Every structure is written in C-alpha cells, then in structure tokens.
Amino acid sequence: MGERLTPGDHAPDFTLPDDTGTDVSLSDFRGKRVIVYFYPAAMTPGCTAQACDFSDSLEALRAADTEVVGISPDEPEKLAKFRERDGLTITLLSDADKSAMTAWGAYGEKKLYGKVVEGVIRSTVVVGEDGVVTHARYNVKATGHVARIRRDLGIE
C-alpha cells in the first residue's frame, strides 16, 4: 500500500487512459484545481451514486475553476458503458494495474463486511493549481461526500 497523501504533499503525476482510450495526465490540469477520486467499480450502486453526484455538480465546480477525475481499476470499455448508461460528464480514467491508486494511498487493506481485504479504498484528494494536495480524505462514504467536498472548498 502506498502512503496516504496529506495536505502539502506534491500529488504524484499519472498518465492513464480515459473511457475512449485517450491518455490523460494529472499535469494536463495544471493551473486548475482538480478533485481526484478513487472508486472500486463502475456501475455498482455506491460508485454510480458518487459519479452522478460529481457529474451533477460539475457545472458549479467548473465555475470555480475545478475539474473532476474519477479513477477505478475498470477497463476503458467498461468506463465508456458507465458514462453512457448514467450520462456522466466527469473524466473517467482506468488504472487497471492500480499504480496510481497505490501511489496515492488509495489501494490496500480495508474492511469489507467485517473482513480485512485488499482493494480500492474510496478516497478523494483535492490538488491545487500548483500540483500540491490541499485536501485528502480516505474511506469516504459514496453518498453525501460531494456536498461535503463542495462545502470544504467553499463552492455552493
């Protein structure tokens, strides 16, 4: 498991394919604030609720010069189906080998139904315009989380 990020850390760069197979890097967002969130699996109830919440908030977030990137271990083809099925407008990236998740502390041991398992830790990290972490939350709940992030960032 990678070290969890904390405010003041430099966010590790990544280059991952999106749902169309096009490579996207964290550095592509330099000059904007970016919310990077990690989720276990596309098209599951909690992950769908979270992705829809972020998509519904995207206009307000972009008005505050903030982009959203969702990262899961799903292949780009599954992410494309997820986008189409739920009308998602956020950037969806595939981290099939879990290298970005590990570097960001979003993959490792977690409790699932009372058992310790290894997997994706639902996490949200906010990266400032300069590539430095401003907020880092791990083991977040899928529902209600977007509203909390918006409050933390002062985005109504």
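**View A. Surroundings of Trp104 in the predicted model.** Apart from neighbours within four places in sequence, Trp104 is in contact (heavy atoms within 4.5 Å) with Glu3, Arg4, Leu5, Ala11, Pro12, Phe14, Leu26, Val36, Phe38, Val125, Val127 and Tyr138. The model is predicted, so local features need pLDDT of at least 70 and side-chain atom pairs count only at pLDDT 80 or more, whereas totals for chains, interfaces and linings use all residues. Residues are numbered from 1 along each chain as its sequence is written, and side-chain values use heavy atoms, with hydrogens and water left out.

**View B. The largest nonpolar core and a second, separate one.** A nonpolar core is a set of buried Ala, Val, Leu, Ile, Met, Phe, Trp, Tyr and Cys residues joined through side-chain atoms within 4.5 Å. Buried denotes under 20% relative accessible area, exposed over 50%, and partly exposed the range in between, for a 1.4 Å probe and protein chains only. The largest such core has 25 residues, and Phe14, Val36, Phe38, Ile71, Trp104 and Val125 have the most contacts inside it. At least two residues of this core come from each of strand S3 (33-38), strand S4 (66-72), helix H3 (99-103), strand S8 (123-127) and strand S9 (133-138). Helices (H or I, at least four residues) and strands (E, at least two) are DSSP runs, numbered from the N terminus. A second, separate core has 20 residues, among them Tyr39, Ala51, Leu58 and Leu88.

**View C. Cys47 and Cys52.** The structure holds 0 disulfides, a disulfide being a pair of cysteine sulfur atoms within 2.5 Å. For the sulfur of Cys47, the closest cysteine sulfur is that of Cys52, at 11 Å, which is too far for a bond. Cys47 is buried at 1% relative accessibility, while Cys52 is partly exposed at 23%.

**View D. Salt bridge between Asp19 and Arg83.** A salt bridge places a side-chain nitrogen of Lys or Arg within 4 Å of a carboxyl oxygen of Asp or Glu; by this rule the count comes to 6. The side chains of Asp19 and Arg83 form one of them, with an N to O distance of 2.8 Å. Asp19 lies in the loop between strand S1 (15-17) and strand S2 (23-25), and Arg83 in helix H2 (residues 76-86), so the pair links distant parts of the chain, 64 residues apart. Asp19 counts as buried, at 13% relative accessibility, whereas Arg83 is partly exposed at 21%.

**View E. Further salt bridges.** Arg137 pairs with Asp152, their closest N and O atoms being 2.7 Å apart.

**View F. The buried face of helix H4.** His145, Val146, Ile149, Arg150 and Leu153 are the buried residues of H4. Down the axis of H4, these residues fall within an arc of 140° and so line one face of the helix; the arc is that of the directions from the helix axis to the C-beta atoms. The buried residues of H4 pack against S3, helix H1 (45-63), S8 and S9. Gly154 follows H4 and has a positive phi, near 70°.
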